[in-house]
Amino acid sequence: MGMRGLGCWVSGCSLPVQASRLVELPFSSSSSFSSSEDDDGDEGSPAGAACRQLPSRPGAAGRCVKYLAFAWNLLFLLLGLLALAAGLGGLLAGGWPGGERGAAALALAGLGAGAVSLAGCLGALRASRGLLRCFAGAALALAGLAVLGGLLLYAARRRLRDALRDALLLCLLRYPREPDLRSLVDEVQRGLRCCGLGSYRDWESNPYFNCSAPGAEACSVPASCCLDPLRNGSVASTQCAAGVLRLGEAAAGSIVHLGGCVAQLGAWLRGQAGAIAAGAAVLVLVEAAGVLMALKMLRDMARE
């Protein structure tokens, strides 16, 4: 082999192979580098992990629902605390129209409504799924109980009327001895402009107003039965109905109300039936609105 062949073998023959290798090497290394860089940026790098873990911010509608839910629950929380305070005040001070049972029922209702509303407030403010679910479940349960109670009241309206008559009779018999019952009966008779259960003659069954009873109240009825308790004065007279049970119906009609409170109360309830049904429907709709807001927030959090 000559010198020219040797030079060709050293420079010319191996040059294309080396050049091709040099051309392929950067391409392959750069592609592998770029692929590893993309993989690291998508999976292993902190920036990629932060991008995957960053939750999407709620839109304007989601923020509006959040603040509305918080305000809604805050209002009912304040109402529940007010009812709780009124019930506890009635238990401590006495003199509640419904007695201790009525005050205790009001306090328990206020406590329950306050607890449910507090869960809704905190759930809406802190975007807590557990609290929102508790609130939604409790609100649905209360709405269901309200509807069920209304249906039961409508189905048992005759029994309730008889029970109300028995309760009024018990109040009439215990009228002078229990101050709570006395104030309740006086308020009913003044408000409904009635006297007794069926008529003013029902007060003869009371041992203090019976004509054979000793004392100044014999053959009388309570002053709350009078047409004009003030007797054209500024101070109510407790003896405005003295001796009414000795008079005839025409003469007694010029002094006291002759009609009983059972019929008047039944007429008043029938007149208020529409308002009561509308109030119950509004209450159910308000509770449904709170539940819908809670469910909307839960759905938004699930999407995020």
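Biologist: Is cysteine 240 buried or exposed, and what is its relative accessible area?

Modeller: In this predicted model, cysteine 240 is buried, with a relative accessible area of 2%. Buried here means under 20%, so that value falls within the class.

Biologist: Which cysteine does cysteine 240 form a disulfide with?

Modeller: The general idea is to look for two cysteine sulfur atoms within 2.5 Å. Here, cysteine 226 and cysteine 240 have their sulfur atoms 2.0 Å apart and form a disulfide. Both cysteines sit in the loop between α8 and α9, 14 residues apart. Cysteine 226 is buried too, with a relative accessible area of 4%. The link is right-handed, with 95° about the S-S bond.

Biologist: How many disulfides are there by that rule?

Modeller: The count comes to 4. Counting bonded cysteines along the chain, the pattern is 1-8, 2-5, 3-4, 6-7. One of the links joins cysteine 194 to cysteine 261, with sulfur atoms 2.0 Å apart. Those two are 67 residues apart: cysteine 194 is in the loop between α8 and α9, while cysteine 261 is in helix α10. Both are buried.

Biologist: What about cysteine 211 and cysteine 219?

Modeller: Their sulfur atoms are 1.7 Å apart, and they form a disulfide. The link is right-handed, with 120° about the S-S bond. Cysteine 211 is partly exposed at 39%, whereas cysteine 219 is buried at 2%.

Biologist: And where does cysteine 134 fall, buried or exposed?

Modeller: Exposed means over 50%, so cysteine 134, at 52% relative accessibility, counts as exposed. Cysteine 64, at 41%, counts as partly exposed.

Conventions. Residues are numbered from 1 along each chain as its sequence is written. This is a predicted model: local features need pLDDT of at least 70, side-chain atom pairs count only at pLDDT 80 or more; totals for chains, interfaces and linings use all residues. Side-chain values use heavy atoms; hydrogens and water are left out. Helices (H or I, at least four residues) and strands (E, at least two) are DSSP runs, numbered from the N terminus. Buried means under 20% relative accessible area, exposed over 50%, partly exposed in between (1.4 Å probe, protein chains only).
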